[in-house]
Amino acid sequence: MKLCIRAHDLGVTGTEAILQRLDALGIDGVQMVCYKAYPDIPQAPGGITPARAAQIGQAFANAGKDISLIGAYFNPIHSNAQKVAGSLEIFEDYLRVGSALGCNVVASETGSRNDDEWTYHPENRTEEALQGVVAAFSRLCDTAADCGSIVAMEGCAGHVCWNVETLSRARKMIGRRTRVVFDLYNFMDAENQGAYLSILDRGLDLFAGDIQVFHMKDCMLSSGRRPIQTPYGRGELDHTEILRRIKSYDPNAVLVLEETTGEHIAYAVQTIRRIWAEI
């Protein structure tokens, strides 16, 4: 198992500071969103150059730290077509420099008709919305094939690929090799939160062999509304059972802490490593 964290959740920016924090916390690597971790890299087409990517990738390699996933998240069904076009270009930039960064997998969620809010909209669950997602990711997969990279997709209850079955269907419709970012919390809503282990089991079955990373989150279960997220290890999820299933699926799994920050990171790292060693 490798334990990683989103670089921009570390509370620092720049390669040196990020690597120092990883060492101090005993973390193996990062999920990298360059324009959130580097002040000099804009979120714009051409914002990442091959030379800059190689500089970052070499520094991480020299330090023995992984970049397990590159994030270039965007809303493929945003109502602003110009914004979508620019986001596709940014994503393709990262597909092209992925090998230089040390990771050839670039990921995004599947978006919402609520545009920049990224929240539930009834039209998200229409065939038209799904076709829009498939079209955008198909283009990205074409680019990925040309440069030896891979596209990864992440589902979420409020987005177009709102459950594991819809994400699986979208990947089949795309018809090219894709990977999955499996975020169990993302699939939990007011109705299904009590069955989260069943959701995990179903996803492990549907995405067998194709999961790039597992996002590690925690939450307080609630009545009549979506569970409330907490720092990892401070909520109510049964992490022993979650990690037992993941370890059975892949003893070399990559686990990525997401939205656990500040003083909570060290406790989360200790908790995950302790449970993993015990199961």
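Let me start with two helices: the axes of helix α8 (residues 239-249) and helix α9 come within 10 Å and cross at roughly 60°. The axes here are lines fitted to C-alpha atoms, for helices over the stretch in contact, with angles running from 0 to 180 degrees between N-to-C directions. Helices (H or I, at least four residues) and strands (E, at least two) are DSSP runs, numbered from the N terminus.

Before going on, the basis: this is a predicted model, where local features need pLDDT of at least 70, side-chain atom pairs count only at pLDDT 80 or more, and totals for chains, interfaces and linings use all residues. Residues are numbered from 1 along each chain as its sequence is written, and side-chain values use heavy atoms, with hydrogens and water left out.

Back to the pair. α8 and α9 are oblique to each other; angles under 35 degrees count as roughly parallel, over 145 as roughly antiparallel, 65 to 115 as roughly perpendicular, and the rest as oblique. Their crossing is right-handed, that is, the near helix is turned clockwise from the far one by less than a right angle, anticlockwise being left-handed. On the α8 side the residues are His-239, Thr-240, Leu-243, Ile-246 and Lys-247, and they meet Ile-272, Ile-275 and Trp-276 in α9. Contact means heavy atoms within 4.5 Å. By class, this contact has five nonpolar, two polar and one charged residues. Ala, Val, Leu, Ile, Met, Phe, Trp, Tyr, Cys and Pro count as nonpolar, Asp, Glu, Lys and Arg as charged, and the others, Gly among them, as polar.

Helix α9 covers residues 264-278 and includes Ala-266. Ala-266 is partly exposed, at 29% relative accessibility; buried means under 20% relative accessible area, exposed over 50%, and partly exposed in between (1.4 Å probe, protein chains only).

From α5 the contact takes Glu-127, Leu-130, Gln-131, Val-134, Phe-137, Ser-138 and Cys-141, and from α6 Thr-166, Arg-169, Ala-170, Met-173 and Ile-174. Seven of these residues are nonpolar, three polar and two charged.

Now the loops. Tyr-185 sits between β6 (178-183) and α7 (196-206). Is Tyr-185 buried or exposed? At 8% relative accessibility, Tyr-185 is buried. Beyond its neighbours within four places in sequence, Tyr-185 is in contact with Lys-217, Cys-219, Arg-226, Pro-227, Ile-228 and Gln-229.

Two non-glycine residues have positive phi. Trp-118, at about 55°, lies in the loop between β4 (105-109) and α5 and is partly exposed at 26%. Glu-259, near 65°, lies in the loop between β10 (254-257) and α9 and is partly exposed at 40%.

Finally, the whole chain. The protein has nine helices and ten strands. Its radius of gyration, taken over C-alpha atoms, is 18 Å, close to the 19 Å that the globule rule gives for 279 residues, so the protein is as compact as a globular protein of that length. That rule is 2.2 Å times the number of residues to the power 0.38. Buried residues make up 54% of the 279.
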